[in-house]
Structures are given as C-alpha cells and as structure tokens.
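Open your viewer and get the selection tool ready.

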Amino acid sequence: MPDLRVETAGAVATITLDRPDALNALTVPLKEELRAAFERLAADDAVRAIVLTGAGRAFCAGQDLRERLEPDALPLQDEIRIHYNPLIRAMRTNPKPIVGAINGVAAGAGASLAFACDIRIAAEGASFLLAFGRVGLIPDSGATWLLPRLIGASKAAELALTSDPLSAADAERFGLVARVMPAEQLIDEARALAGRLADGAPLALALTKRALEIGWENDLEGQLAAEAEMQGQAGATADHAEGIGAFLDRRQPRFRGR
Ligand code: T3D
C-alpha cells in the first residue's frame, strides 16, 4: 500500500494519505486503496472509529492533475463513476464514525473527502478550496450535495463559484469544522476524539449516522418513522441494557457492540 498508511491503536484506525510531495493528490491506485481501506475497516469489529488525515503539509490536493494527462486516463464521467463515487459511498455508508484531521489544504476532491467525514477538526493553517472551477470543472465527489448541507446554500455557492479558499478559522465559524488547533496537537486530538467515539455503542453510532444522513432527505413524518424503527434496533442490543445498568450503578458503560 505505497501511498496510504493504515495504523490501528486500540479500537481507532488512522488512515493517512501519504504522497506528501504531490500534496497527497489522488491517483487511481490511491483512490482504490482508500476505498478498500474504508470497506475493510467497516467490516472489522475490532475497529470502532476512523481518523482520516494527510502526510506532510496538505490534507489532499484532489485529483492528481498529472495523471489526468496520461493517454489511458478514463473519461471524466467514468473516472467519477468508477473511482470517486464508490469512495464517497464507502465513507458515507461506513458504520464507523470518521474524524477528518484536516492538517493542511483540502482542495478539489480532497475537500470532498473532508466533507464526507462525520466530524472535522483542523490545524490552524488548514484551508478548504473548491479548486474545481480553476481547472474548468464542477465540484464533484459529493461536494455539491454535502457542502450546502454542512454550511448552507449561500456560502456553498460562493465557494463553489469563486474557488476562493476558506480558512480554518472561517470554516469553524461556519460550522464546517468542530475545532481549530495548532498543527502539532491535531493528530493527538483527532485520535482522542475518535477514542471517545470508539467507547460508544457501535450499533447506536452506526444508526445515528444513518438517521442523520436520511434526515437530510426525509420529511418529518418519514424521519419520525425511521427513528422509531432504528430505535427499536438499538433498544434490542445488549449495549442498551449495559447503558442502563451503568447509569443505575453509577459507573462507565462498557459497550461491546452486541
Ligand atoms: O478525474 C478527474 O479529473 C475528475 C475529478 C476531479 C476532482 C478534482 O479534484 S479537480 C481539482 C484538482 N485539484 C486542483 O486543481 C488543486 C491543484 N493544486 C493547487 O491548486 C495547489 O497545489 C494548492 C492550492 C492545493 C496548494 O498550493 P501550494 O502553492 O501550497 O503548493 P504547490 O506548489 O502548488 O504544490 C506543491 C506540489 O504539489 C507541486 O509539485 P512540484 O512542483 O513541487 O513537483 C504541485 O505540482 C503538486 N500538486 C499540487 N496539487 C496537485 C499536485 N500534483 C498533481 N495534482 C494535484 N492536484
């Protein structure tokens, strides 16, 4: 796995995009490895939360533009259908919470990867850049769906149409990132946050992700019905019984994912 590192400590897996000389720009092999990593971690019961970050000074500069010029490069619509869309699906349907540790610039599809995380925290020097327009393209990899829902239609339109960067501080102001911190604290903070999530009840967290996702599309009646159905599933777990027992015993719960 040359351009991707996956390290696991306890129940937290950290995926690091590792092409720092190209600002972690996405090649076909890197996209395939990244999707496979998310799918593998989704199926691994020992992993309960995931951190996504980049090596070096960038989070990810999006599509590798040099690869785009190679003679065997796929037509854009095929590249997106075959490589980008399955990667975004592997993140959005992943039952494990994904914390984006945005260590530097997140540009183009790199910004889309950041948007597809469940929670983002950022280094002070990080930024988000819908660079697509600068190369005559439209925002893709879910950006036109995710960004308006994360920060509102008006700001999303401004960023998409101007390709102006959004600083980490402004991203925090718009609620796109949960917190901003010095770069040297970022990965430890991200892993600590992921560790807290990993201590949660896995099925409840997976169902919470799902409920939030479908809530963007449902009307209230549809969402009330979905919540009732999902709560039935969560309530049937041993983890729910453990949560009540821990509350009554005044101790921390030990959720086992059952
Ligand atoms: O398949 C498809 O094409 C469809 C999908 C499209 C999705 C997309 O992501 S389209 C958008 C693609 N991304 C971009 O347009 C961003 C391009 N990069 C930049 O605009 C800038 O590099 C940044 C603003 C991200 C950072 O600027 P700066 O000044 O800090 O760094 P730099 O000097 O531009 O880049 C440093 C190195 O990384 C440099 O290599 P070198 O000269 O030192 O050998 C540069 O070429 C390389 N690099 C940066 N971005 C990419 C890249 N190499 C290949 N592809 C990149 N996207």
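What follows is a stop-by-stop tour, with something to select at each stop.

**Before you click**

You're looking at a predicted model, in which local features need pLDDT of at least 70 and side-chain atom pairs count only at pLDDT 80 or more, while totals for chains, interfaces and linings use all residues. Residues are numbered from 1 along each chain as its sequence is written, and side-chain values use heavy atoms, with hydrogens and water left out.

**Stop 1: helix 1 against helix 3**

Select residues 28-43 for helix 1 and 76-92 for helix 3. (Helices are DSSP runs of H or I with at least four residues, strands are runs of E with at least two, and both are numbered from the N terminus.) The two axes come within 9 Å and cross at roughly 30°; axes here are lines fitted to C-alpha atoms, for helices over the stretch in contact, with angles from 0 to 180 degrees between N-to-C directions. The pair therefore counts as roughly parallel, the label for angles under 35 degrees. The crossing is left-handed, meaning the near helix is turned anticlockwise from the far one by less than a right angle (clockwise would be right-handed).

Now show side chains. On the helix 1 side, the contact includes Val28, Leu34 and Phe38; on the helix 3 side, look for His83, Tyr84 and Leu87, among others. Contact means heavy atoms within 4.5 Å. By class, this contact splits into 8 nonpolar, 1 polar and 5 charged residues. (Ala, Val, Leu, Ile, Met, Phe, Trp, Tyr, Cys and Pro count as nonpolar, Asp, Glu, Lys and Arg as charged, and the others, Gly among them, as polar.)

**Stop 2: helix 3 against helix 4**

Tyr84, Leu87, Ile88, Met91 and Arg92 from helix 3 meet Ala109, Ser112, Leu113 and Ala116 from helix 4. That contact has 7 nonpolar, 1 polar and 1 charged residues.

**Stop 3: the largest pocket**

Select Gly62, Gln63, Leu65, Val135 and Leu137, which lie nearest the centre of the largest pocket among its 24 lining residues. (On a 1 Å grid over the protein atoms alone, a pocket is an open set of points with protein on both sides within 12 Å along at least five of seven lines, a cavity is a set where a 1.4 Å probe fits but cannot get out, and lining residues have an atom within 4 Å of a point.) Its volume is about 450 Å³, where grid points are joined across faces, edges and corners and volume is the space filled by probe spheres set on the points. Helix 3 turns up again, giving the largest share of the lining with 5 residues. The lining has 15 nonpolar, 4 polar and 5 charged residues.

**Stop 4: the second largest pocket**

Go to Arg92, Asp118, Ile119, Lys209 and Leu212, nearest the centre of a pocket lined by 17 residues. This second largest pocket has a volume of about 330 Å³. Helix 9 (202-215) supplies the largest share of its lining, 5 residues.

Conventions. Angles under 35 degrees count as roughly parallel, over 145 as roughly antiparallel, 65 to 115 as roughly perpendicular and the rest as oblique.
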